[in-house]
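Please walk me through this structure in plain steps.

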Amino acid sequence: MERGEKGTTQNMRSISYSRVADVATAIATVTADPDAAYLAGGTTKVDMLRIYAEPSQRLVDINDLPINHIELQPDGAVRLGALARMNDVAMSPIVAQRYPLLAEALVLGASAQLRNMASMGGNMLQRTRCSYFRDHEAACNKRVPGSGCSALTGVNRGHAVLGTSEHCIAAHPSDAAVALSALDAVIHVQNRDGHHAYAIDDFFLAPEDTPEREHPLQHGDLITAIEIPPLPMARDSLYLKVRDRESYEFALVSVALALRVEGGAVAEVRMALGGVATKPWRARRAEHALLGRPATHEHFLHAAREETADAVPRSMNGFKIELARRTMVRALETVTARGGTP
Amino acid sequence: MTTAIGRPIDRVDGPAKVTGAGRYSADVPLPGLVHAVVVGSRIPAGRIISIDTRAAEQANGVLAVLTHLNLPKGGSVPPLVPSLAGAAATGQTFFPMQDEVIHYAGQHVAVVVAETLEQAEHAATLLRIDYAAAPFVTTVEQGREQAYEARRIFGGFLPGRVERGDVDAGLAEAAVTVDLGYRYAANHHNPIECSATTAVWQGDRLTVYDATQGPNATLHTLAELLNVMPSHIRVVTDFVGGSFGCKAMIWDHPALAALAARHVGRPVRLALSREQMFSSVGHREQQEQQLTLGADAQGRLTAVRHHKLSPTSHFDDWAEPSLGVASQLYACPNYQGVYRLIRANTMTPTFTRCPGEASGMFALETALDELAERLGLDPLEIRLRNYAETTPGDGTPWSSKKLRECYRRGAELAGWDRRDPRVGALRDGDTLLGWGMATSAYPCYQPGNPQRARARLYADGSAVVQASISDIGTGSATAMTQVAADGLGVQLERVRFQYGDSDLPNTAAAVGSAGAGMVSAAVHVATTALRDQLIAQALADPGSPLHGADPRQVTVAEGRMALRERPDVGETYAALLQRAFMADAEAVGTWNPPPDTSGGSMTFGAQFAQVAVDPDLGLVRVRRLIGVFDAGRILNRKTAHSQLMGGMIWGMSHALLEGTRMGPDGRWANASLGEYLVPVNADAPEVVVETVESTDTVVNPLGVKGVGEVGMVGTAAAIANAIHHATGKRLHRLPITIEDLL
């Protein structure tokens with residue numbers, strides 16, 4: 001159809017859709033076309049397309065790929081297929097018994113409807129909720145590199161205080177990734193050239209001066225699985241999420257914690273923070289401060305302070321630093337009080 | 001007489017709503033329908049230098065791109081008059097796209113019309129608009145220095161300053177005073193259904209399907225804005241998915257839809273997006289209040305001084321009347337209330353559920369709690385000591401008031417007297433518990449015009465009763481069916497209430513908690529007129545067993561007229577009409593409202609809240625809300641209690657969640673349901689609602705005082721007072737969030 005004096009017609013942006021049934025075809029299809037993208041649960045992708053935050057795309061639906069299983073490996077690790085749904089993982093006895101912190105993080109995320117749709121692989125790639133990222137009228141280095149960061153001086157109550165840069169202070173939105181960070185999960189990725197495995201800490205990138213880069217994936221790379229190494233002490237673990245609203249809201253602060261106390265001292269600890277950082281934040285400073293020390297309020301508080309020592313508050317989010325400390329202490333005291341018996 | 005009134009009847013429109021059969025204003029299927037999308041200004045102040053529409057105009061499916069350069073001229077903007085007056089009711093005295101000047105962010109600057117919604121949305125992204133930005137003010141903080149005292153506010157209906165007695169003398173003689181500053185975030189309404197209008201012209205006649213609280217308000221406003229005769233406009237509103245005030249006044253989108261429809265010669269649907277709802281249909285303004293109370297040693301108020309400061313638009317002196325109820329509730333001889341305004345680059349604020357009552361009473365009811373603490377009085381006792389037996393202004397009697405009974409019953413339900421009143425004394429593990437209470441009151445506003453309804457009874461005894469009112473989700477269609485059944489004396493199942501159409505007998509907009517009272521009055525007058533007409537016909541009919549009887553001795557039940565003392569003597573309406581070869585009988589009823597009674601007529605309530613506070617993490621969770629209300633007569637206990645419960649949960653939301661934040665760029669920064677928090681089911685506490693029925697012979701024939709808003713009024717204060725009881729902290733801002741409690 002053509003109209004207009006010059007005979008030119010502006011076509012609506014085209015979004016095409018195709019469905020593939022095996023991993024190799026999926027990777028080949030997307031790799032061959034720079035405008036192509038994988039479509040899994042669609043709970044972020046479709047939103048982003050609807051608000052014109054992403055360009056025209058050729059969507060390749062991968063929901064038929066056989067990568068949705070939750071499997072206990074011979075070595076005791078648990079492998080989550082990238083297309084396993086959030087709810088399936090949360091309800092899986094394999095996960096719930098071994099990694100309660102992950103099951104809790106999943107159940108406390110999003111809403112039941114979203115959890116039924118959203119995939120674990122997609123969860124790792126979900127985009128920040130920074131309102132300026134989704135707002136075309138605002139400057140955002142993540143959306144348009146070099147355009148600036150409206151959040152630095154804007155409404156930033158929900159923004160990050162850890163891992164920030166002068167280019168971006170957007171908080172990472174995932175709960176599940178925080179628990180997986182505490183669990184030292186491994187992200188398995190496949191592409192045309194083969195298979196890669198990323199330690200979760202290397203998978204999520206702090207913004208620094210390239211906030212548009214959130215992970216090391218190249219075009220065509222497909223997350224196939226998330227592997228969680230065995231961690232016996234995680235059987236007594238928790239995910240504590242603090243937010244204004246009781247449900248269906250992102251964390252102001254969250255703490256994923258696995259802790260083993262022996263003879264009154266911290267024998268093993270894994271801790272990660274959500275809601276306060278630009279990536280799922282492994283609390284290594286706090287872990288270091290806790291290890292071998294008495295499991296007491298004073299030491300917990302000290303460790304929490306260590307972790308937030310370099311936090312950078314902005315105009316509205318300074319309270320998150322104190323809230324993060326208190327939430328860490330609460331989590332540590334809660335698990336300690338259980339006395340190691342789940 | 002049957003007694004349908006009061007029964008907890010299920011909603012008559014319920015099945016259509018839950019099955020999806022109900023057609024809302026953006027659902028109406030019309031042949032040839034096309035879609036309009038509005039585009040809002042990116043900047044809050046300045047002017048448009050240029051709009052490049054070429055790419056949009058050439059996009060697939062696009063029929064028109066309207067801007068200030070080519071928008072067809074209409075009529076003129078009527079004055080801002082609340083829609084309860086029954087006339088034109090523009091939300092602001094500004095109509096966009098008349099010139100290049102920008103007054104607020106989101107101001108509509110273009111309308112794109114295309115064959116499909118997606119094509120229109122896409123074309124809207126292709127517009128290239130260059131602006132010259134100008135300095136702006138959008139917040140109290142930015143505009144404090146240029147504040148002025150308003151001469152009148154609220155569409156000119158209320159004075160900017162009210163005084164009685166001598167407030168300085170009252171404060172001088174006080175044994176105790178409190179002087180407190182309050183801050184409130186702006187709020188937006190966020191009904192489920194975004195505002196939408198579908199407009200279709202047939203020659204010079206216009207039909208509009210509009211999501212509105214008043215089909216007639218839309219009609220009269222469009223008549224003026226478009227310069228079309230009211231007789232040539234029909235407004236239909238079958239279903240409304242909530243409003244809470246954002247559809248109480250008529251904004252520019254219905255007129256833009258009509259202008260676009262005329263321009264392209266096709267029916268046009270214009271539905272606002274969720275984001276556009278934050279800058280197209282008004283809001284509750286950000287505000288500050290300063291409240292000074294003086295009391296004698298017994299806790300009796302000697303003075304109340306209440307000042308408010310808030311931003312309004314560049315067009316209108318609007319402030320929600322935050323000082324109104326708070327000035328009328330307690331017996332206090334010395335009072336001063338002053339509204340100060342700031343000219344700001346926002347649209348004109350508007351009614352938002354409990355417009356003013358919620359914010360003003362939050363200040364008064366938390367300040368009273370502090371005063372009680374200073375005097376060592378129980379919070380309930382200080383309210384009883386200041387109980388106004390007559391209206392504080394001129395001492396006239398209340399039209400009805402059973403507030404004392406509400407206090408008593410609410411305290412009983414809460415176990416108020418058994419609680420440990422010491423701060424921080426109640427615990428549940430590490431959680432601090434607290435109880436708080438507050439008074440609620442909401443004026444009984446009266447419509448400005450006569451309210452009409454028509455009743456028609458068919459020869460088989462079934463009836464249709466009509467009035468133009470829309471049911472905005474409150475259950476009014478169900479309640480009016482009950483009123484009509486009782487008025488006629490027929491079974492509920494035989495009555496259909498027809499509504500939501502400006503062609504039906506005139507009513508004002510369903511606003512200000514006044515809808516049930518005013519429309520029930522018209523329906524009652526119409527149906528009892530028809531009943532009396534049929535009784536008179538029977539008495540005059542030699543063929544009737546009631547021939548020659550005393551009309552005062554005739555009663556009607558289940559469609560049968562009979563003598564009160566001899567129920568066996570009588571006949572049905574159907575028999576009467578069939579004998580006379582009449583297919584139906586009809587009567588129109590007109591109810592002329594009394595002069596405004598809102599000063600001496602109110603819905604009252606006592607509210608109690610129990611909160612649980614996690615003191616380390618700053619988390620407040622409401623465990624119980626108890627509300628006991630005197631709302632006059634209850635038409636439907638189920639829908640009325642749902643209204644009150646919804647109001648209470650909204651009050652909780654006002655207290656703890658809702659706030660629209662203005663960004664430094666002069667735009668609302670959290671214009672989405674992801675970031676503007678409203679409560680979810682997990683937040684909803686146990687809610688206990690009771691009503692104490694009072695007989696009110698002043699407000700309207702059935703004594704209905706209204707339940708739409710009063711449930712919200714005292715909730716936030718009761719919660720804040722409970723937080724103090726739990727933690728010892730006095731919080732003077734809304735919403736109260738985690739950072740306030742760390």
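Searching the whole structure turns up 62 salt bridges over all chains. A salt bridge here is a side-chain nitrogen of Lys or Arg within 4 Å of a carboxyl oxygen of Asp or Glu. Side chains of opposite charge can pair when their charged atoms come close.

Before going on, note that this is a predicted model: local features need pLDDT of at least 70, side-chain atom pairs count only at pLDDT 80 or more, and totals for chains, interfaces and linings use all residues. Residues are numbered from 1 along each chain as its sequence is written, chains are lettered from A and ligands numbered from 1 in the order in which they are written, and side-chain values use heavy atoms, with hydrogens and water left out.

Start in chain B. B:Lys247 and B:Glu193 form a salt bridge through their side chains, 2.9 Å from N to O. B:Lys247 sits in the loop between β14 (233–236) and α7 (253–264) of chain B, and B:Glu193 in the loop between β11 (176–184) and β12 (196–202) of chain B, so the pair ties together parts that are 54 residues apart in sequence. Helices (H or I, at least four residues) and strands (E, at least two) are DSSP runs, numbered from the N terminus. Are B:Lys247 and B:Glu193 buried or exposed? Both are buried. Buried means under 20% relative accessible area, exposed means over 50%, and partly exposed lies in between (1.4 Å probe, protein chains only).

Next, B:Arg579 pairs with B:Asp541, with the closest N and O atoms 2.9 Å apart. B:Arg579 belongs to helix α14 (residues 573–579) of chain B, while B:Asp541 is in the loop between α13 (515–540) and β24 (554–557) of chain B, so this pair ties together parts that are 38 residues apart in sequence. B:Arg579 is partly exposed, at 32% relative accessible area. B:Asp541 is buried, at 16%.

B:Arg566 and B:Asp568 also meet in a salt bridge, at 3.0 Å from N to O. B:Arg566 is partly exposed at 45% relative accessibility, and B:Asp568 is exposed at 53%. In chain A, salt bridges that share partners link A:Lys45, A:Glu54, A:Arg127, A:Lys142 and A:Glu214 into one network.

**Inside chain A**

Now look at chain A as a whole. Its secondary structure comes to 12 helices and 12 strands. The radius of gyration of chain A (taken over C-alpha atoms) is 21 Å, close to the 20 Å that the globule rule gives for 342 residues, so chain A is as compact as a globular protein of that length. The globule rule is 2.2 Å times the number of residues to the power 0.38. The C-alpha trace of chain A spans about 80 × 50 × 35 Å along its principal axes. Of its 342 residues, 55% count as buried.

Zoom in on helix α1 (residues 23–32) of chain A. Its buried residues include A:Val23, A:Ala26 and A:Ile27. The buried residues of α1(A) pack against β2 (36–39), β3 (58–61), β6 (186–191) and β8 (222–228) of chain A. Contact means heavy atoms within 4.5 Å. A:Asp22 caps the N-terminal end of α1(A), with a side-chain oxygen 3.3 Å from the backbone nitrogen of A:Ala24.

**Where the chains meet**

How many residues does each chain bring to the contact? Chain B brings 39 residues and chain A brings 34 residues. The area buried between chain B and chain A is about 3,300 Å², and carbon and sulfur atoms give 56% of it. Buried area is the accessible area (1.4 Å probe) that two parts lose on being put together, summed over both. B:Gln58, B:Asn60 and B:Leu617 supply 18% of the area that chain B buries against chain A, more than any other three residues.

Charges meet here too. The rule finds six salt bridges across the interface of chain B and chain A. One of them joins A:Arg330 and B:Asp614, whose closest N and O atoms are 2.6 Å apart. On the side of chain B that touches chain A, α3(B) gives the most, with five residues.

Most residues other than glycine have a negative phi, and most peptide bonds are trans. The peptide bond from B:Leu734 to B:Pro735 is cis, with omega near -5 degrees. A:Asp184 is not a glycine, yet its phi is positive, near 55 degrees. A:Asp184 lies in the loop between α8 (176–182) and β6 of chain A.

Notes
A polar contact is a pair of N or O atoms within 3.5 Å; within protein, one must be able to donate a hydrogen and the other to accept it, and residues adjacent in sequence count only if both atoms are side-chain atoms.
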